[in-house]
Amino acid sequence: MDRIGIVLVGAGFIADAHSGAIDADPRATLIGIVDADPARAAAFARKQGGIRYAPDLDTALRWPGVDAVILCTPNDTHAPLGLAVATAGKHLLVEKPLATTLADAHRLADAFEAADRVLVAAHTHRFYDYGRAVKQTISSGAIGRPVLVRLAILGGWIWPDWSAWVGDPERSGGHALHNGVHLLDLATWWLGGEPTGVYARGRKQTAAELRIYDYLEMVVSYADGATAVCEMSRAHRPGSLAQRELLVAGTAGIVEQGWDGESSLVFGEAGTTTVPAAGGNGFAAQLGAWLDAIGGAAPAMPVADAVRAVALGVAVEESIATGKPVAVTA
């Protein structure tokens, strides 16, 4: 198969992780970089050995050899830029969330289906060691039918300052859509059920002046009676904190796991066993799965799951705003 020519859009810090994954996969090649700041685009291009660069996506889509796009731009740009990629007939890997509204998520899904091109949202935690190890443990039947997920990902403030676009709910969609979707998607993927409702609350922990809730508590109910309790924080101290608590309870056992790369502990009637951590670099595994899908394989992150993650994030934001449970409609 010819190497897939890829354009990166957005030269922020997450672009480095994607470019590293491209460099490591012999099936892909990085054609160029797009950034609204020409100086930043030029600096990224030099760092990558002199690849092409442009200040706008339309120019890059006309470059020869471009087959696909990785979109690493603010959340509110995902829909318009993604629709341009579909119109150009290119494949797309877009940073989560797929969009900031459910209507835009559906528009993207429909556009790529009509174009017969692969659309994948970058829910990278599905491809991290811990995410895959837990899913494999559940799929093996070791704990029976999963009925409860307890997942907490706790950390400190990671953005440059309070003026970062992530802190603007009009641009990010709110923290539930920007970071909370990691937990909402993982819990739903592990449980394998259809979410029916959420009840959530948020706190502006770092400062009252924040326009987003940097600390979230989210409870998701599922049609089969399962429940997910998720806690997401960018408000913990010290700022360097990185902690995860993970437990999945099933009808025949429990799986617990510590930080990424550690083995899962499975507690069942026959005693305690371990399951080695699976996979490797999350961004590399994610890129590989996207390239597989471009080659005809079933996508590891189906579009319907990405749309559902948007529905969950939107419902969480509504629940926080109203103080009431909110039904989930994808």
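Visitor: Which residue stands opposite Arg203 in strand 9?
Guide: Tyr215. Keep in mind that this is a predicted model.

Visitor: How many bridges pair strand 8 and strand 9, and in what sense?
Guide: Eight bridges, antiparallel. Strand 8 covers 195–203 and strand 9 covers 215–222.

Visitor: What about strand 8 and strand 15?
Guide: Two bridges join them, and they run antiparallel. Val198 stands opposite Val326 there.

Visitor: Val326, then. Buried or exposed?
Guide: Val326 is buried, because its relative accessible area is 9%, and the cut-off for buried is under 20%.

Visitor: What is Val326 in contact with, leaving aside neighbours within four places in sequence?
Guide: Thr196, Gly197, Val198, Ala315, Glu318 and Ser319.

Visitor: Which helix lies across strand 15?
Guide: Helix 10, residues 303–322. Helix 10 also lies across strand 8 and strand 9, and runs at about 50 degrees to strand 8.

Visitor: Zooming out. What is the strand order in the sheet?
Guide: The order is 14-13-12-11-7-10-9-8-15. That is nine strands in an open sheet with mixed pairing.

Visitor: Which are the edge strands?
Guide: Strand 14 (271–275) and strand 15 (326–327). Each pairs on one side only.

Visitor: New spot. How do strand 12 and strand 13 run?
Guide: Antiparallel, joined by five bridges. Strand 12 is residues 253–257, and strand 13 is residues 264–268.

Visitor: And what is the bridge partner of Glu256 in strand 13?
Guide: Leu265.

How values were computed:
Residues are numbered from 1 along each chain as its sequence is written. This is a predicted model: local features need pLDDT of at least 70, side-chain atom pairs count only at pLDDT 80 or more; totals for chains, interfaces and linings use all residues. Side-chain values use heavy atoms; hydrogens and water are left out. Two strands pair if DSSP finds at least two bridges between them. Helices (H or I, at least four residues) and strands (E, at least two) are DSSP runs, numbered from the N terminus. Contact means heavy atoms within 4.5 Å. Axes are lines fitted to C-alpha atoms, for helices over the stretch in contact, and angles run from 0 to 180 degrees between N-to-C directions. Buried means under 20% relative accessible area, exposed over 50%, partly exposed in between (1.4 Å probe, protein chains only).
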